[in-house]
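Please look over the sequence and the structure shown here. A short report follows.

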Amino acid sequence: MHQYKGKLIVHTGSMFSGKTSSLKNEIKRFNIAGYKAVAFKPSIDTRYKKNEIITHDMTSIECIMVDDINQLMNYCNKLNPHVVAIDEIQFLGGSVQKIISCINELLAKNITVVVAGLDIDYTGTPFEVVKELMPIADYLYKHHAVCVKCGSDAWVSHRKSKDKDRIKIGAEDEYEPLCRKCFLEVKNMENED
C-alpha cells in the first residue's frame, strides 16, 4: 500500500454504481495494511445513519459527519490520519477552490486522500468539485450502474420527480440510473408533457 501514500484516489460515476462500496473497500485495505484511516461524509447526507457511511447494499463503515472542508481539516489536524476518505464529496461545504486547496495540503503532507462522488447531477451537469478533482487524481475510477431501461452502462442518475432543486438527497425512491440514450428519450418525453 506504500505506493498509494500521499496520492489522490477518486471514485466517481452515477448513483448505484459502486462508488461508496469502492471507497469502503479502499479504507478496509488501508486499515489492514496498518494505516490510520479516517472517513468523513457531509452532514447534508441524512440517509441511513448519522456516523456511518452506508452503501446502497447496506454495508457500512464508521465516519465523522462534517459541514464543510474547514471542519474536516480541523479533525485531520487533531487526529493525524494517514488516509482521509470523503464520501459524497459533491455535497461537502466550502468553495471548490478551498476544497481543492485543502486536499492538496493533505497530499503535500503525504496523506492519502480517497474521495467518492457524483460526477454529474440529475440534468447531466458536472459537479464542479469532482470536475476539478478528476484531472489531478493519481488514480481515477469511473464507475457505472446498470441502466434500468435497457441494461447498458448508466451515465446519469435520473430524478424521477419533477423537483428542480439541484441537491435532493435520495436513493431508489428518488433516482434511477439511465444510459445517455434512455436519459435523452425520457427527457424528450418529459418536455412534451
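## Around Val84

Leaving aside its neighbours within four places in sequence, which residues is Val84 in contact with? In this predicted model, Val84 contacts Val38, Phe40, Leu72, Cys76, Leu106, Ile111, Thr112, Val113 and Val114, where contact means heavy atoms within 4.5 Å.

## Basis of the model

The model is predicted, so local features need pLDDT of at least 70 and side-chain atom pairs count only at pLDDT 80 or more, while totals for chains, interfaces and linings use all residues. Residues are numbered from 1 along each chain as its sequence is written, and side-chain values use heavy atoms, with hydrogens and water left out.

The mean pLDDT (the predictor's confidence in each residue, from 0 to 100) of the protein chain is 88. Confidence is lowest in strand 3 (residues 52-54), with a mean of 63, and highest in helix 3 (residues 96-108), at 98. Where pLDDT is low, the predicted coordinates should not be read in detail.

## Overall make-up

The protein chain has 5 helices and 10 strands; these are DSSP runs numbered from the N terminus, helices being H or I of at least four residues and strands E of at least two. Of its 193 residues, 48% are buried, meaning under 20% relative accessible area with a 1.4 Å probe, protein chains only.

## Nonpolar cores

A nonpolar core is a set of buried Ala, Val, Leu, Ile, Met, Phe, Trp, Tyr and Cys residues joined through side-chain atoms within 4.5 Å. The largest has 32 residues, and Val84 is among those that touch the most other members. Helix 3 gives the most to this core, with 6 residues. A second, separate core of 13 residues includes Ile9, Leu23, Tyr35 and Ala116.

Definitions and conventions. Buried means under 20% relative accessible area, exposed over 50%, partly exposed in between (1.4 Å probe, protein chains only).
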